[in-house]
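Q: Could you take a close look at one helix for me, and then show me how its surroundings compare with the cores elsewhere in the chain?

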Amino acid sequence: MKTRRTLKGHGNKVLCMDWCKDKRRIVSSSQDGKVIVWDSFTTNKEHAVTMPCTWVMACAYAPSGCAIACGGLDNKCSVYPLTFDKNENMAAKKKSVAMHTNYLSACSFTNSDMQILTASGDGTCALWDVESGQLLQSFHGHGADVLCLDLAPSETGNTFVSGGCDKKAMVWDMRSGQCIQSFETHDSDINSVRYYPSGDAFASGSDDATCRLYDLRADREVAIYSKESIIFGASSVDFSLSGRLLFAGYNDYTINVWDVLKGSRVSILFGHENRVSALRVSPDGTAFCSGSWDHTLRIWA
Amino acid sequence: MTIGGGPRGGHPRLQMPCLRKMERLIVSMQDPDMGIKMRNQRLLITVIPHAMTGNDIVEWLIQKYGISEEESLHLGNLIVKHGYIYPLKDPRSLVLRADESPYRFQTPYFWTSAKWPATELDYAIYLAKKNIRKQGDLIEHEKDNYNLLHKRINHTWDFVVMQAREQLRAAKQRRKGDRIVIDCQEQAYWLVNRPPPGAPNVLEQGPERRNGRTSRVQLNMDYYKREIEYCRKAMARSRVKSSICLEGYIKFNEQYVPHDPIMSGCLPSNPWITDDTTYWAMNAATATTPTKLRVERWGFGFGELLADPLGRAQLLDFLKKEFSAENLSFWEACEELRHGEQARIADIAAAIYQQFLAPGATRWVNIDSKTMERTLEGMRTPHRYVMDEAQMHIYLLMKKDSYPRFLKSELYRNLLAEAVIPPETKKRVFPFMRKQRHSSPSPALFLPAGDTEARADDKARGPAAAPVPEEED
């Protein structure tokens, strides 16, 4: 595997990124408040928005591909419809959707453009209606900042998992707002959670330099991915399409590729010159994108 | 070395568990038996004791962790960047070179975790010393910082200069070798804590965590009631044996690995590697002849068939033949309700009722009486999840009844037989001539900007309704 594209254009640390369902477009956000939509195949920038705050730590692409959501130190999540009209300023049509009492750490659209799930440094997650900004459901239970969330990949289910600074990963029922299961085996903050493609398990990456796999039916941790030589925390994890490989970006500027079933490391990828802060596999599994504090994003295949 | 470590009580602790681990590694590197063999290193004419070469460090790490040279060099570099090991030869650049360049371990006094945050006073004293020694000839950024500090802590400036002079005088009493070492130690410490402009700041952490104490959980009656309920549910929940779960992963893996482009490659070729977008064109929602892998995947589970717009269309055709197409339409309408705009919930629910559930409805779906009763009850105060039970009933009906028949049907078997296996792209004769990368129309283009009706409709239905035609190569 090697870098196939390098996206340069952010003037500061890249903090988050997300893929569009068309498998080639991505949205990325950075410390200086800029949110950029790229066609990563051609490396062209298609849209750019400047947020009124710095440290935009969360961004997400809408399922339809027509809007993006982002937020950070402004404690809010805003939705921007994407427009190609040169006369329209994207910031003009901005919708302020979520309101938290501390920084926004993660956001994700649910199955449609109409609802957004957010996680915040105030210890809660919340589900919002995009059009009205109404709070549909809130999720309390974490004892500290919630840093990440991921929606279950099921067409019938209604659950999501969140990870926080209280070292816990919690699975929630979106309808009732109740916590269904919780897992507490990490030694430090959980920076990233991602469901296994079948939806029966999820992986987490933490500051304790390990990634762990938790099975939902067995209700326990079933694997730890760690190596003595890895001492820096994992900031972002994602599975390949078949769930055989787990890609994890670390704060030591590297990406480690783990064999999920064997528990061993397959390879280590160098290239970034600062922390890897975001990592997502493309919707069809042909490549993955990593965003880093070295101001660039790389597509690996 | 310097007086005044700054008030420790009020300052936030550097929350980096990696530093603890690095320190443990450093300690084991200095172990007299298993650690790095240190000896005297020559630096021009002076002899520095207890030093090692860059090569030694890299070799030791390779031995200890069984990692490659590249990884060992990378790890060593990070240790140097964090100031736990410093170079003697080129002290201004904290870089590990895998050659005979001499390095030394930083004294624990100056460890990143011990002496953090670095105080302005200490920095001022350090710069003042340098200033005196170099008679005003400081590096650009150090000069700027010096002037800034001079302005900011002007009231204690006399103390600063006095301290600086005293330390310089004491240093003159030492042997040359010791003086060099102490200088390097100090310089490394300040390179980490006050990096020059352009150099990455390894101590930067991002926004502070755990600083909000506003919405913490209140330990009151409600909280404990919830905890008891949660524990009760947890104990009552049936757990599956891990061995069975692991078998599940293996089975899933066997099924899906051939479909994983990163594991098994993709035909005709991975667009990211060859710049050829045929793979995407062939697998688009509007493709006329689906690939064999794609059609096979529809057989993995009902969810896979529904998730692929082409698969769903085929299912609809099949259901039409069986006169149960309204089931799929009902399910889709319920999805629209579940994920719809809050303001329109009541309307959508009413529309669903009229179309599918009311007696004499045009597309009546067959649900059992109990579910119908409960749904009607819920319709009095329609909410997002009012159709959940009915939707699940129909979903299970399709999954357990229609889906297996679909897989055995002639329609599906024909699809499988006619499905193509794209030939692998032949390797280009002149690989350095890159294929031109065509752009594709953005999905955002497909809704007229002012047409809010259409936009809401399409949004509710998700990507299935707005196919993106790919440019043919």
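A: Helix 16 of chain B is mostly covered, with 12 of its 14 residues buried (buried means under 20% relative accessible area, exposed over 50% and partly exposed in between, with a 1.4 Å probe and protein chains only; helices are DSSP runs of H or I with at least four residues, strands runs of E with at least two, numbered from the N terminus). This is a predicted model, in which local features need pLDDT of at least 70, side-chain atom pairs count only at pLDDT 80 or more, and totals for chains, interfaces and linings use all residues. Residues are numbered from 1 along each chain as its sequence is written, chains are lettered from A and ligands numbered from 1 in the order written, and side-chain values use heavy atoms, leaving out hydrogens and water.

Among the buried residues of helix 16 of chain B are B:Phe330, B:Trp331, B:Glu335 and B:Arg338.

Now for the cores. In the largest nonpolar core, of 43 residues, B:Ile26, B:Met29, B:Ile57, B:Leu61 and B:Ile85 touch the most other members (such a core is a set of buried Ala, Val, Leu, Ile, Met, Phe, Trp, Tyr and Cys residues joined through side-chain atoms within 4.5 Å). Helix 1 (17-29) and helix 7 (176-193) of chain B are among the elements that each supply at least two residues of this core. Apart from it lies another core, of 37 residues, including B:Phe318 and B:Ile345.
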